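Hi there,

Here is the structure I promised to send over. Have a look at it first, and then read on for my notes.

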Amino acid sequence: MSAFFFCEDDASKSLYLSAVKKSAEAAVSSLSGPKAYEGPSPVDLGKQISSINMLPEKGLGFDSMLDELKKSVLPNFLRTASKSYMAHLHSPALLESIAAELFIGTFNQSMDSWDQSPVATETEVAVVKFLCSLYGYGEKSDGCFTSGGSQSNLTALLLARDFFCNVRLGHDVKKKGLPESYSKFRIYTSEISHFSMEKSAHLLGLGYDAVVKVPVDENQKMDLGALRSLIEDDKKSGLLPFCVVATVGTTDFGSIDDVSSLRSLADEFGLWLHADAAYGSALVMSEKYRGRMGNLSLCDSITVDFHKMFLLSISCSCVLVKDGSTFSPLELHADYLNREEDEEDGYTNLVGKSIQTTRRFDALKVMATFISLGKDGYSNLIDTCVENAGYVYSRLVARDEFECLLKPEISSVVFRVIPRDSSDSDELNRKIRRKLMHEKGIVIGQTVFKGKVNLKFTLLNPRLTHESLDSLLDEIAGLNSL
């Protein structure tokens with residue numbers, strides 16, 4: 001049976017090396033051109049994949065399986081490292097991160113208990129401690145890796161809810177469930193914040209109505225005057241505000257809420273301040289632009305995504321908290337897993353800080369990449385992305401065929417093509433995005449801004465140059481007559 005696994009015997013090691021080598025060669029051979037997507041339409045691709053016999057009566061073996069993947073799957077992957085891909089907060093993966101993925105998959109650690117992940121546990125503890133210091137947190141801080149920004153935000157809002165119930169209401173949600181007043185709880189966040197705010201409120205038993213969407217100003221930042229009025233009105237109505245969320249890099253615009261002013265408001269009304277910095281947190285690596293991020297150490301919790309602007313492979317996120325004791329709602333001891341006597345003897349079981357039980361060793365990707373690139377390497381990557389966005393903006397506002405109403409703060413640029421004739425501008429921009437994807441292999445984003453369909457560049461690829469961006473704008477301008 002050892003032929004199926006990576007084991008200590010020589011035959012197993014040889015098979016492992018062969019499998020990894022063949023897989024790497026297959027990946028390399030599938031990458032032949034610069035296009036981000038070369039596959040068929042959704043309908044045709046669905047038919048192609050559904051025609052595969054997923055469970056043959058007799059296994060075909062590794063080589064035949066790989067042949068099937070080379071035919072049906074590998075050619076149709078989206079190439080996130082392509083200079084023609086810029087649709088979403090979905091980055092190319094640095095090679096250090098890919099190498100770490102090999103180790104993560106090979107050794108298959110589970111991050112819930114020390115005896116399932118000895119060095120992985122100690123590595124995550126050390127990485128979290130470093131990240132806390134990187135964002136200005138003190139000795140009492142702590143954190144936990146998660147599957148992504150949505151889970152990080154969910155964790156933070158759960159901790160905020162339970163902190164409010166314990167400290168303000170004297171009610172233990174962990175033991176007794178939600179208090180009778182739960183329907184009065186309110187979370188305040190930008191009207192263009194991530195949809196995980198509503199999803200989290202649902203999962204926490206509070207419902208979408210608990211999320212108060214605060215209007216934004218002309219720069220797409222939360223309107224502080226409107227926020228104050230909403231909180232005051234809700235308190236007068238007998239509602240229970242407990243949390244405000246600063247978005248540090250909105251999904252579409254990369255706009256950054258004023259963390260310092262939000263801290264003052266949160267203190268005035270006794271609210272937990274969470275920073276959803278899934279996007280903008282990477283600015284901490286830039287010597288030039290980190291000031292745009294604001295002082296995240298003012299927040300009670302921070303969401304950091306590494307599979308966005310940090311350029312690591314999916315999935316890799318973490319939630320950091322200023323006071324590690326606020327993780328206590330997630331603690332629960334089981335005799336078969338995280339025994340109290342083990343923890344008293346110095347064995348760290350990370351399950352007590354996580355919504356998940358089984359969890360990947362994603363902290364290895366952060367450690368490996370940080371060590372390899374260093375401050376200077378990361379700063380260069382981040383600066384390039386930010387400056388590419390600034391360059392594109394300058395070119396868009398200089399050309400009559402485009403409209404671009406908002407100067408980028410990070411690396412997202414929202415714009416639209418203005419029709420040469422009287423044709424419908426929304427329909428033109430929709431058609432341009434589809435044509436670019438299916439005929440040119442160029443994948444860009446689409447959103448709505450000020451009631452109109454806009455196109456979007458999310459510039460997370462530092463391989464992009466000013467020349468390649470100019471060529472892309474020319475390509476888009478050439479589709480004006482669709």
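**Around helix 9**

Gln-220 is found in the loop between strand 4 and helix 9. Please keep in mind that this is a predicted model. The phi of Gln-220 is near 65°, a positive value in a residue other than glycine. With a relative accessibility of 8%, Gln-220 counts as buried, because the cut-off for that is under 20%.

After the helix comes Gly-238, which has a positive phi near 85°.

Which residues of helix 9 are buried? They are Ala-226, Leu-227, Ile-231 and Asp-234. These residues cover an arc of only 130° around the axis, so they sit on the same side of helix 9. What do they pack against? Their partners are strand 3 (185-190), strand 4 (211-214), strand 5 (240-247) and helix 10 (259-269).

**Leu-273 in strand 6**

Next, take a look at Leu-273, which lies in strand 6 (residues 272-276). This leucine is buried, and its relative accessible area is 0%. Leaving aside neighbours within four places in sequence, Leu-273 has contacts that include Val-244, Ala-246, Val-259, Leu-262, Arg-263 and Ala-266. Leu-298, Cys-299, Asp-300 and Ser-301 are also in contact with Leu-273. From Leu-273 to Ala-246 there are 27 residues in sequence, and the two C-alpha atoms are 7.3 Å apart in space.

**A buried lysine and a cis peptide bond**

Is Lys-365 buried or exposed? At 0% relative accessibility, Lys-365 counts as buried, because that value is under 20%. The side chain of Lys-365 makes a polar contact of 2.7 Å with the side chain of Glu-101. Apart from neighbours within four places in sequence, the residues in contact with Lys-365 include Ser-97, Ala-100, Ile-104, Leu-312 and Arg-360.

Ile-314 and Ser-315 are also among the contacts of Lys-365. The peptide bond from Ile-314 to Ser-315 is cis, with omega near 0°. Ser-315 is in the loop between strand 7 (301-305) and strand 8 (317-321).

**Two loop residues**

Lys-450 is in the loop between strand 11 (443-449) and strand 12 (452-458). Here, too, phi is positive in a residue other than glycine, with a value near 55°. Lys-450 is exposed, with a relative accessible area of 59%.

Ser-41 lies in the loop between helix 1 (10-30) and helix 2 (42-50). This serine is partly exposed, at 28% relative accessible area. Ser-41 and Asp-474 are 433 residues apart in sequence, and their C-alpha atoms are 25 Å apart in space.

**The cavity**

How many cavities of 30 Å³ or more does the structure hold? There is one. The largest cavity has a volume of about 30 Å³. Its lining is made up of Thr-80, Tyr-85, Met-86, His-88, His-90, Ser-91, Pro-92, Thr-458, Leu-460 and Asn-461.

Methods
Residues numbered from 1 in each chain as written. Predicted model: local features only at pLDDT ≥ 70, side-chain atom pairs only at ≥ 80, totals over all residues. Heavy atoms only, no water. Buried < 20%, exposed > 50% of the residue type's maximum accessible area, 1.4 Å probe, protein only. Helix = DSSP H or I, 4+ residues; strand = E, 2+ residues; numbered from the N terminus. Arc of directions from axis to C-beta. Contact = heavy atoms within 4.5 Å. 1 Å grid on protein atoms, 1.4 Å probe; cavity = no way out; pocket = protein on both sides within 12 Å on 5 of 7 lines; lining within 4 Å. Points joined across faces, edges and corners; volume = space filled by probe spheres on them. Polar contact = N/O pair within 3.5 Å; in protein donor to acceptor, adjacent residues only side chain to side chain.
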